[in-house]
Protein chains: 2
Amino acid sequence: MRVIPGEFTPPARLLLGPGPSQVHPRVLRAMAAPLLGHLDPAFVAMMEDVKRLLRFVFATENPLTLPISGTGSAGMEAAIVNLVEPGDEVVMGVNGVFGTRLAEVVERAGATAVRVEAPWGRVVRAEQIEAALRGCRRPKLLALVHAETSTGVWQPLEDAVRLAHDHGALFLTDCVTSLGGVPVEIDAWGIDAAYSGTQKCLSCPPGLAPVTFGPRALDALHGRKTRVQSWYLDLTLLERYWGEERVYHHTAPISMNYALREALRLVAEEGLPARFARHRLNHAALAAGLAALGLELAAEEGHRLPMLNAVTVPEGVDEARVRGQLLAGRGIEIGGGLGPMKGRVWRIGLMGESSQRVHVLAVLAALEEALRAERRLPAPGAAVAAAQAVYEA
Amino acid sequence: MRVIPGEFTPPARLLLGPGPSQVHPRVLRAMAAPLLGHLDPAFVAMMEDVKRLLRFVFATENPLTLPISGTGSAGMEAAIVNLVEPGDEVVMGVNGVFGTRLAEVVERAGATAVRVEAPWGRVVRAEQIEAALRGCRRPKLLALVHAETSTGVWQPLEDAVRLAHDHGALFLTDCVTSLGGVPVEIDAWGIDAAYSGTQKCLSCPPGLAPVTFGPRALDALHGRKTRVQSWYLDLTLLERYWGEERVYHHTAPISMNYALREALRLVAEEGLPARFARHRLNHAALAAGLAALGLELAAEEGHRLPMLNAVTVPEGVDEARVRGQLLAGRGIEIGGGLGPMKGRVWRIGLMGESSQRVHVLAVLAALEEALRAERRLPAPGAAVAAAQAVYEA
């Protein structure tokens, strides 16, 4: 090779976008540990810890709880291709990027996607879901995105689980962005299957997708008439690798599993109720500061996620320039909008390690400066002061 | 959580199994760097380096050369589901675990798998391949495993590429274990598509699967009549994320890409010819030492991989006990056999960083001791001396 690129040193960043979130130094250090073989007894014991810790954050006793060796989208695909067979009817809420993606994955699995649409930024209503289920011949699955990362909408699940079961369907949820940031009660709410990602409120680098399958989902999996179309994501094979048999399937991403174990240990040390309260508090402070800047949240009131805040860009403001100024000038990453929200929102993530008082104040101060550069003239310090008032309340 | 598991410290291991291989401290350190967003300009620039470095190890100019966000098996599945459509005929060599797996992935993609079988430990012959291609209506693809990790067989590819093209078929190779250890000349040999893994001769932790698609493979991809069944592995979407458009698809595993970049830099610094020569030399020394212990290689002579040595377990020796003694007593991991070779071979990997003189001598000395414990009585020091003679020649 003529010119070998030099050592890569990432620039300093405060990650307040839609993920990846900030990663704790203990997690970074865990990844730098020497490798083990994927069938080494010491690694196998570590896999057991990972499963146990995942059951803890998912609030479940499901034995089939493990990280898929891919990112959150691989978790989505794993859930669908294992639960769904060609010809099945699947009902899903579509009110953002990830509901839209769910429908596409369902169709690629040969099933029929019954889309229950709501405007981006609003939740899908139980009445709509019920009507869709009633319109099906025999719905196999109802799937809802718990935390829609593209809009910041927090979808209620409990009524929907009941509706699914009333209609003989399984219930699946996408909790990529919610897990570890707000309650995800797999067993208490009766959720049959769920998938998540590591790089949001678990504050682990991206690369693994925790999934959990409950008893009804397992029955569907084991009673399939057709083979799972994906060999890589086939849970009937993966449960034998991650289960007692330890039958070789693929080589698990060793270092990523080290990282996930350490990230989950941090979650367990903090405790879920404290972690959820921290996410709520920092969201409230951010929201107060944004309001002081005259900025509005795009998600429906009462259904706003604490860890993902979609902020409506004011008329006349160049949203990309503001984001660019935060990134290049302050080293702060926030996200832009996707799909119909492209150019219309900023997405400020306060996920896991990113959800900290210092970060909230830093992003508010930076936004204030950027808006001033856009000839908006917010009162100096007003945003930070409004957020501080929430912390001091 | 009642009892939080303690910090995980992996026991010291010398990884001389079928992968993962030893990872250089520079690569471990690279993974511990703070994260960037997956659309950050600094990360995007890093992705370009990764693509350029991958083209270098694949010896190709193919623009569509990138790491799939999964392990080697995800690379296999990506290659198949992107190239193959339901009803296509695919011819593949089946003489070990990975050829067997290829056939299964092909069938799950709705295509017809035409298996060209050879005994495990032997190569698939060109005559057999030609007969199989001739027997097809219209073969879409010929796929061969370049380095069969289950047997240590080194499959010649060049004649097979010509045969594929003569019959109007594309040529795909699995170079998971060969890439970076022996020549893989994508462009010079006319290979249309290939996939690999990171944890073998590239000596990067597992978690990514480099793939490359040449012009004919791209034509097949872009001319598909059906959608790729996997959304996660759909290269028509991935090429837009890894290409100039940077259209968000999934969140790339940031830290794993840092690691791959650094591992590839180490490959480039050593240079491919020197790296291949190192793999050959250490293999020759190991083979000499094994011969001095009265041990035989299971793969056909003349077609033995330098980086994966399947060693026939002598009659009356407890293969699992020997492996256990190496692992528990000496911290050395070697692999056992798979499928019909289970209990019949040890697999000694000398891949990437693992392919070192000190490691060869260490594993030979440990094997000698283990065989003595099995009441075999090799001449003391004979194995190490035989290997040393190769190094000193």
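**Figure 1. Chain A as a whole.** Buried residues make up 60% of the 393 residues in chain A. A residue is buried if 20 or more other C-beta atoms lie within 10 Å of its own, exposed if 12 or fewer, and partly exposed in between, with C-beta atoms placed from the backbone. This is a predicted model: local features need pLDDT of at least 70, side-chain atom pairs count only at pLDDT 80 or more, and totals for chains, interfaces and linings use all residues. Residues are numbered from 1 along each chain as its sequence is written, while chains are lettered from A and ligands numbered from 1 in the order in which they are written. Chain A has 14 helices and 15 strands. Helices (H or I, at least four residues) and strands (E, at least two) are DSSP runs, numbered from the N terminus.

**Figure 2. Dimensions and contacts of chain A.** The C-alpha trace spans about 65 × 55 × 50 Å along its principal axes. The radius of gyration of chain A is 21 Å, which agrees with the value near 21 Å for a compact globule of 393 residues. That radius is taken over C-alpha atoms, and the globule rule is 2.2 Å times the number of residues to the power 0.38. Of the contacts in chain A with a separation of 6 or more, 72% come from residues 24 or more positions apart. Two residues are in contact if their C-beta atoms, placed from the backbone, lie within 7 Å.

**Figure 3. Where chain B touches chain A.** Chain B brings 60 residues to the contact, and chain A brings 60 residues. On the chain B side, α1 (25-31), α2 (41-58), α3 (72-83), α4 (97-108) and α10 (254-270) each supply at least two residues. The most come from α10(B), with eight residues.

**Figure 4. An open sheet in chain B.** Four strands lie in the order β11-β12-β15-β14 (chain B), with antiparallel pairing. At the edges stand β11 (296-297) and β14 (335-336) of chain B, each with a single partner strand, so one side of each lacks a neighbour in the sheet. Strands pair if DSSP finds at least two bridges between them. Five bridges join β12 (residues 308-312) to β15 (residues 345-349) of chain B. B:A310 stands opposite B:R347 in β15(B).

**Figure 5. The buried side of helix α9 of chain B.** In α9 (residues 235-242) of chain B, the buried residues are B:L235, B:L238, B:E239 and B:W242. They sit on the same side of α9(B), because their arc around the axis is only 100 degrees. The arc is that of the directions from the helix axis to the C-beta atoms. Their cover includes α2, β2 (64-68), α3, β10 (209-213) and α8 (215-222) of chain B.
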